[in-house]
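The following exercises are intended for a reader meeting this structure for the first time.

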Amino acid sequence: MKRKGKKPNLKLVIAIEMVDHIAHHCLFEFSDLSTKKCVPCNSEDLRPMTKEAANELIQKIPEWNLVNEDGMLKLHRSWKVKSFTKGMEFFQVVANVAEAEGYHPDLHLVEWNNVKIDIWTHAVGGLTENDFILAAKINGLKLHHLLSRKAVE
Ligand SMILES: C[C@H](O)[C@H](O)[C@H]1CNC2=NC(N)=NC(=O)C2=N1
């Protein structure tokens with residue numbers, strides 16, 4: 001008599017793994033960073049995330065680059081603005097979001113029309129989820145009217 005259930009059903013195992021993979025992917029895709037809130041950084045438990053975790057999360061904000069400055073991971077993005085004054089307006093729009101979140105980016109205006117933003121968690125000397133949340137919120141801002149049409153980013 002043929003005994004059932006001894007050998008694992010390979011097709012079933014593969015199917016389960018595929019479903020698991022898709023479910024993980026969907027959860028990752030649909031957990032929207034921009035709807036989250038930054039948390040205060042005064043907790044003793046706060047730790048910088050690993051490079052691996054940062055490499056995973058950066059996929060949600062592909063407009064930003066992961067940079068390593070003196071051993072500290074930061075998020076970086078740059079834009080070209082129409083004028084110095086538009087650069088100041090740009091900063092004000094970003095500052096409004098930062099104040100609403102209680103969380104603050106490093107803002108640079110270089111050579112009058114290059115806006116550069118670094119986001120990192122000063123309190124831990126690296127990245128936390130806050131940085132990705134703020135970056136996603138900045139991505140959602142209407143800034144197009146301030147940008148140079150010739151060379152954006
Ligand atoms: C309590 C409050 O969250 C902290 O002082 C905040 C203010 N904004 C901040 N912004 C950033 N980028 N890093 C910080 O560590 C930080 N600390």
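A residue counts as buried if 20 or more other C-beta atoms lie within 10 Å of its own, as exposed if 12 or fewer do, and as partly exposed in between. The model to which this rule is applied here is a predicted one.

**Exercise 1. The overall fold**

Determine how many helices and strands the protein chain has, and the pattern that they follow along the sequence.

Solution. Step one is to count the elements: the protein chain has four helices and four strands. Step two is to read them in sequence order, which gives the pattern α-α-β-β-α-β-β-α. Step three turns to burial and contacts. Of the 153 residues of the protein chain, 21% count as buried. Among contacts between residues at least 6 apart in sequence, 70% join residues at least 24 apart.

**Exercise 2. The packing of helix 3 and helix 4**

Describe how helix 3 and helix 4 pack, giving the angle and the distance between their axes.

Solution. Two packed helices are described by the angle between their axes and the distance between the axes. Helix 3 (residues 84–101) and helix 4 pack at about 140 degrees, with axes 10 Å apart. This angle makes helix 3 oblique to helix 4, since only angles over 145 degrees count as roughly antiparallel. The crossing of the two helices is right-handed. On the side of helix 3, the residues that meet the partner are Val94, Val97, Ala98 and Glu101; on the side of helix 4, they are Leu134, Lys137 and Ile138. By class, this contact has five nonpolar, no polar and two charged residues.

**Exercise 3. Positive phi in two loops**

For Asp70 and Trp112, state the value of phi and the loop in which each residue is found.

Solution. Begin with Asp70, which is found in the loop between strand 1 (65–69) and strand 2. Although Asp70 is not a glycine, its phi is positive, at about 50 degrees. Asp70 has 6 other C-beta atoms within 10 Å and is therefore exposed. Continue with Trp112, in the loop between strand 3 (106–110) and strand 4. Trp112 is not a glycine either, and has a positive phi of about 60 degrees. With 10 other C-beta atoms within 10 Å, Trp112 is exposed.

**Exercise 4. Separation in sequence and in space**

State how far apart the C-alpha atoms are in the pairs Leu10 and Phe84, and Ala53 and Leu127.

Solution. Leu10 lies in helix 1 (residues 10–30) and is exposed, with 8 other C-beta atoms within 10 Å. Leu10 and Phe84 are 74 residues apart along the chain, and their C-alpha atoms are separated by 63 Å. Ala53, in helix 2, is partly exposed, with 15 other C-beta atoms within 10 Å. Ala53 and Leu127 are likewise 74 residues apart in sequence, but 9.7 Å apart in space.

**Exercise 5. The surroundings of the ligand**

Name the residues that surround the ligand and sort them by class.

Solution. The ligand is surrounded by Pro40, Cys41, Asn42, Gly102, Tyr103, His104, Thr121, His122 and Ala123. Sorted by class, this shell has four nonpolar, five polar and no charged residues.

Note on methods. Residues numbered from 1 in each chain as written. Predicted model: local features only at pLDDT ≥ 70, side-chain atom pairs only at ≥ 80, totals over all residues. Contact = placed C-beta atoms within 7 Å. Near = placed C-beta within 6 Å. Nonpolar A, V, L, I, M, F, W, Y, C, P; charged D, E, K, R; others polar. Axes fitted to C-alpha atoms, helices over the stretch in contact; angles between N-to-C directions. Parallel < 35°, antiparallel > 145°, perpendicular 65-115°, else oblique. Left-handed = near helix turned anticlockwise from the far one by under 90°.
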